[in-house]
Amino acid sequence: MRQMSSLTTTPEHVDSSEPAPWFGEEVQRLLPKLLATAVRLTRNSTEAEDLVADTLVKAWGRLDTLRDRAALHGWLSRILTNTFVSGRRSGSSRTERSFDELAEDEEGKSFSLFERLHQPFLLWQANPEQQFLDRLLREDLVRAIDALPDVYRVVVLLVDVQGFAYQEVADSLSIPIGTVRSRLARGRSLLQEALWKHAVDAGLEPGSDARSSR
Amino acid sequence: MSVSGADETVLTCEQAIRLLAAYLDLELDPSSRGDVERHLSICRSCYSRHEFEKRLKAQLAQLDEEQVSPGFQERIHGLVARFSAARTAHDTD
């Protein structure tokens with residue numbers, strides 16, 4: 001799913017003849033998506049609901065600047081993400097690393113689940129990497145995403161979960177597109193490593209005796 | 001090193017893998033996209049990697065919605081109702 005040109009719609013005046021009815025209806029329709037982003041960002045259902053509510057209050061205050069109703073999801077997602085990021089940035093104490101500084105620090109070898117699982121000599125006899133995905137549960141993915149540092153979790157959520165384009169994410173977070181790419185690469189690497197480690201800890205990696213018990 | 005010939009670039013596996021994420025994210029220009037697709041059509045290993053990463057990405061995309069509790073639904077309904085009431089009050093002033 002791609003949402004081109006929706007996350008960074010330049011505000012312009014919209015037909016505000018009857019904003020409340022359609023806004024209310026659209027909000028109810030988008031609520032599961034907004035809540036999904038908020039829950040994964042905050043990792044706390046109560047904070048997530050407050051984040052969504054704060055987002056809607058802010059959005060209502062600037063609704064007459066929304067150009068296109070079809071862009072509402074992207075527009076709301078931008079406000080929601082920025083509210084979360086602003087809260088994290090302002091919450092960093094002088095002794096704590098800032099939201100953005102942490103990303104610059106992170107180094108490490110890139111991890112690939114495919115390289116860990118793939119066995120080319122098996123050819124058509126087995127496909128351990130696809131078998132791994134067959135056994136992957138929603139809770140496994142949620143756990144891996146929640147384990148990501150904020151700075152990487154935001155971009156993985158916006159690109160991989162919500163389907164926004166790199167430029168949209170860059171504009172939304174006020175960072176260069178190259179930074180989006182690098183944070184996305186690092187975030188995906190960490191996510192795949194987390195999936196692998198959980199599988200190993202649970203004895204679920206291909207070839208383990210516990211494979212059939214799940 | 002890639003090989004160019006007849007206006008088509010032949011990628012190495014290393015190059016194709018480096019471009020794979022952007023390819024799956026629909027972020028490559030048409031020319032690079034074509035280069036990747038040509039490589040995937042002739043390289044089983046890279047094609048397998050492509051299928052794996054594509055499927056993992058699709059599974060992540062399924063997390064795009066969260067169940068909304070009746071209580072939260074009610075909270076948001078009330079919030080929007082207050083927006084509307086405030087706007088009506090403003091419009092009639």
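Mentor: We will go through the predicted model by chain, interface, salt bridge and cysteine.

Trainee: Which pattern of helices and strands does chain B follow along its sequence?

Mentor: Start with the inventory. Chain B comes to 4 helices and 2 strands. Now put them in sequence order. The pattern reads β-β-α-α-α-α.

Trainee: How much area do chain A and chain B bury between them?

Mentor: The size of an interface is often given as the accessible area lost when the parts come together. Here 51 residues of chain A are in contact with 36 residues of chain B. Carbon and sulfur atoms carry 59% of the buried area. The total is about 4000 Å².

Trainee: How many residue pairs are in polar contact across the interface of chain A and chain B?

Mentor: Keep two tallies apart. One is for salt bridges, and the rule finds 9 across this interface. The other is for polar contacts, counted with both residues at pLDDT 80 or more. That tally is 16 residue pairs.

Trainee: Which helix gives the largest share of the side of chain A that touches chain B?

Mentor: Several helices each supply at least two residues of that side, among them α2 (45-61), α8 (150-161) and α10 (177-201) of chain A. The largest share is 13 residues. The helix that supplies it is α1(A).

Trainee: How many nonpolar residues does the side of chain A that touches chain B have?

Mentor: Sort that side by class. It has 8 polar and 12 charged residues. The nonpolar count is 31.

Trainee: Is A:Asp160 buried or exposed?

Mentor: First find its partner. A:Asp160 meets B:Lys57 in a salt bridge, at 2.9 Å from N to O. The pair crosses from helix α3 of chain B to helix α8 of chain A. With a relative accessible area of 4%, A:Asp160 is buried.

Trainee: What separates A:Asp140 and A:Arg143 in helix α7 of chain A?

Mentor: These two form a salt bridge, with the closest N and O atoms 3.2 Å apart. A:Asp140 is buried at 4% relative accessibility, while A:Arg143 is partly exposed at 37%. They sit 3 residues apart, so the separation is about one helical turn.

Trainee: Which residue of chain B is linked with A:Arg40, A:Arg138 and A:Asp146 in a network of salt bridges?

Mentor: Widen the view. The count over all chains is 20 salt bridges. Four residues are linked in a network, including A:Arg40, A:Arg138 and A:Asp146. The member from chain B is B:Glu66.

Trainee: How many of the residues of helix α9 of chain A are buried?

Mentor: This helix covers residues 166-173. Its buried residues include A:Tyr166, A:Val169 and A:Leu173. After the helix comes A:Ser174, with a positive phi near 55°. The buried count in α9(A) is 6 of 8.

Trainee: How many disulfides does the structure hold?

Mentor: A disulfide needs two cysteine sulfur atoms within 2.5 Å. The sulfur of B:Cys43 is 3.6 Å from the closest one, in B:Cys13, which is too far for a bond. B:Cys46 is in no disulfide either, with the sulfur of B:Cys43 3.6 Å away. The number over all chains is 0.

Methods:
Residues are numbered from 1 along each chain as its sequence is written. Chains are lettered from A and ligands numbered from 1 in the order in which they are written. This is a predicted model: local features need pLDDT of at least 70, side-chain atom pairs count only at pLDDT 80 or more; totals for chains, interfaces and linings use all residues. Side-chain values use heavy atoms; hydrogens and water are left out. Buried means under 20% relative accessible area, exposed over 50%, partly exposed in between (1.4 Å probe, protein chains only). Contact means heavy atoms within 4.5 Å. Buried area is the accessible area (1.4 Å probe) that two parts lose on being put together, summed over both. A salt bridge is a side-chain nitrogen of Lys or Arg within 4 Å of a carboxyl oxygen of Asp or Glu. A polar contact is a pair of N or O atoms within 3.5 Å; within protein, one must be able to donate a hydrogen and the other to accept it, and residues adjacent in sequence count only if both atoms are side-chain atoms. Ala, Val, Leu, Ile, Met, Phe, Trp, Tyr, Cys and Pro count as nonpolar, Asp, Glu, Lys and Arg as charged, and the others, Gly among them, as polar.
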